Every structure is written in structure tokens, then in C-alpha cells.
Amino acid sequence: MAAWRSANVLVALLVVAAAWIHPGVFTVEGNNAASSPFPAIILLGDSTIDVGTNNDLITVIKSDFPPYGRDLTMQLPKGRFCNGLLVTDYLAQDLGFPYQIPYLQRAGQEQKLLTGVNFASSGSGWVNLTADTYNVISFAKQVDQFKDYKKELISMVGQTQADNIISNALYVISTGTNDYVLSYYVNPLVQKKYSIPAYQQLIRDTATVYLQDLYNEGARNFALASLPPLGCLPAVISIYGNKGLGPEGCVAPLNEVARAGNDVFRHVFMPKLERQLVGSKLVYLDVYTVLFELAANPRAFGYKEARKSCCGTGLVEVAILCNPASFGTCDDSNEYVFFDSFHPTTRTYKLVYDEFVWPVVKAAFNF
Ligand SMILES: *[C@@H]1O[C@H](CO)[C@@H](O)[C@H](O)[C@H]1NC(C)=O
């Protein structure tokens, strides 16, 4: 119950801090060379992928203001939960694409839809309730928007070309963390209804429906990110530290939950679904292992700090709590594994990308 109260305090703080935030103005830039085994990259999920979907929603889960984005060297749409680029931005760069634009901000730049689009909405998870609690776009609605996107493609380039884009695109999906940290662990009703194993089964059943749905629309190539070590997120350490810290200083029971979820997802759920969805490929992106190593051993990787994040005190600041007035924000994000209390710095994302995403995607799709 103490945890529930702490979470309530956090939400109350978030709501109070909402009062003075002003929406940002942005312009888009990108390169135009396409030399990729995929005609497009299509992104779905949460704040690990979102580049501004939430900017125009009425929600506290936003990041279109400093210090977010402060280390971006080019002018990009605001709304990344990071000081710089995300894993999927690095992927777009290496494949020669412009950065995928948020679907909701496509007006006037429809041409960019031909090389992919970004449906991700921060604060969402696999389960509807997670997104609905924060008035953000659920995975179910992202899939609905994807169906609209497909219709738009057809009207732009015709059925054959559109089908070619849809079926040969790479679908990168990163979601699920919020089903735990923004829903299960802060909502006693969810905890009452589901044990952790039952909740993990619900998540897999839910994921099956949406992946089948995308497949039915023509999607074939999927890369699915694992859960991170939930217990190493600075906010989780601040709020749940009393549940028991492991030798590496992370909340052990929450890491155990993430590890158990990842294991079944990777070794049972994904192979089974891949057989069911004939002609599909489901690739597992292990972000757990590397983030755990960084969190446990930051100095070995040239970081100074992994327990606290860069923004503010580093203990709880995230979204509208991480803002220009946050006291104590660090000068050099590269010294930190985490930028805010839930999200890695771009240095960390680059490391995850270089070691555990790019080589894995290359090997899986033979290019
Ligand atoms: C989730 O929400 C969508 C509407 O966006 C609805 O169609 C679907 O039935 C819901 N799923 C569950 C399991 O309630």
C-alpha cells in the first residue's frame, strides 16, 4: 500500500507540474537516400519509440520541451523521451531513411509515409487499460491507425505498390513496460484481478491478437523488443526500493518479473506465433541483458551514474516533471545511463542499438 501511495503522490506531482507547460513549435528535416532491404519501417509501441505522437493529446505523458531533445544536433520534431535520438532513429539512419514521422502529424508531409511511419504513443502498453488510464493511444488504436495508413498508401501509390510496402516493411515494436510500471504496480484493482503469471498470459494473448491483425493486413517482418530490467529504472528504485534490492542495486522482484515475462515471450510465445503466421519472421531484440549490465556496472562502460537519471534530482522526474525548471539536471548526459527516471540517454540507446539491434536485425534478415 505504501507503493500505491507513493505512486499517487507521483501522479499528483505530475498533474500540478502540468499547469505551466507550453506546447513547442517544430520543423522537420531528414535525409532522402533509400538503400535498404525494406521499403519502409513501421513503428508501434511506447515512449521508447514515440517521437511526438502525444504532443497534441491531453495527457501528462509528454516530452516536447527541454531538457528533452537538448542534445539533438538537427532540428527534429519534439517529443522524444530522451536527450537525443532513439534506437529506431539510429536504425532509420543506417537504412538510409528519413526519421519516421508520427502518423498524427503527417499533414503536409504525406510523401514521407511511403518510407514508413510512427504510431508509437508514450504511456501505452499491450493492454488497453494502460493507455486509457493516461489518455494516450493504445496499441489497439495504433493498429486501427495502421489500417487507415494502409488505405492512404493505396490511394497514394495504388494497391500493388502499397501491398509491396506493407508486406516488405520492417515492423519494429517496443511496448509492455508500461503495462507493469504505469498500470499493474500502481493500480490495486489490476493487482487484485490478476496474479503476475495471469497478467503475463493476458499480455501474450493481447499481443497475439494485434500481431495476427497486422499479419492479416500483410505485415510479415517483425522485430520485438524485450522488456527492460524494470527493477533498474531509477523511478522504480525510488518507489519500490523497499521491496528488496539485489547486489547490483536494482529492485530484484521486478527484474524477476521482467525476466520471466521475457523468457516465455522469447522461447515459447514468439516461436509458436511465427509458426502460426506462415511466412512471417519474428525477431527478438534483447534489451534486458545490456541494460542490466549497464545498470549494474556503469563505470565499466564509462558512465558515472546508473542509480539516478540526469534530469532533476534523478529520482522521480519524468514527462512533465522533467522540465526546464527541474532542479539539479546534469550537464553531461553521457555520464548517465538514464536521462529521466524511466528512459535511457541517447548514449545508452546507441550502445543498445550498436550491440543488440543492428547486428541482430542484419543477421535475421540477411543483409
Ligand atoms: C481494446 O480496445 C479496442 C478499441 O480501441 C477494442 O476494439 C478492443 O476490443 C479492446 N480489447 C480488449 C481486450 O478489451
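**Labels and their grounds**

Guide: The chain's secondary structure amounts to 12 helices and 5 strands, where helices (H or I, at least four residues) and strands (E, at least two) are DSSP runs numbered from the N terminus. This is a predicted model, in which local features need pLDDT of at least 70 and side-chain atom pairs count only at pLDDT 80 or more, while totals for chains, interfaces and linings use all residues. Residues are numbered from 1 along each chain as its sequence is written.

Visitor: What makes the chain as compact as a globular protein of that length?

Guide: Its radius of gyration is 19 Å, close to the 21 Å that the globule rule gives for 367 residues, so the chain is as compact as a globular protein of that length; the radius is taken over C-alpha atoms, and the rule is 2.2 Å times the number of residues to the power 0.38.

Visitor: Why is Cys-82 called buried?

Guide: A residue is buried if 20 or more other C-beta atoms, placed from the backbone, lie within 10 Å of its own, exposed if 12 or fewer, and partly exposed in between. Cys-82 has 28 such atoms within 10 Å, and therefore counts as buried, although it lies in the loop between β1 (41-45) and α2 (87-95).
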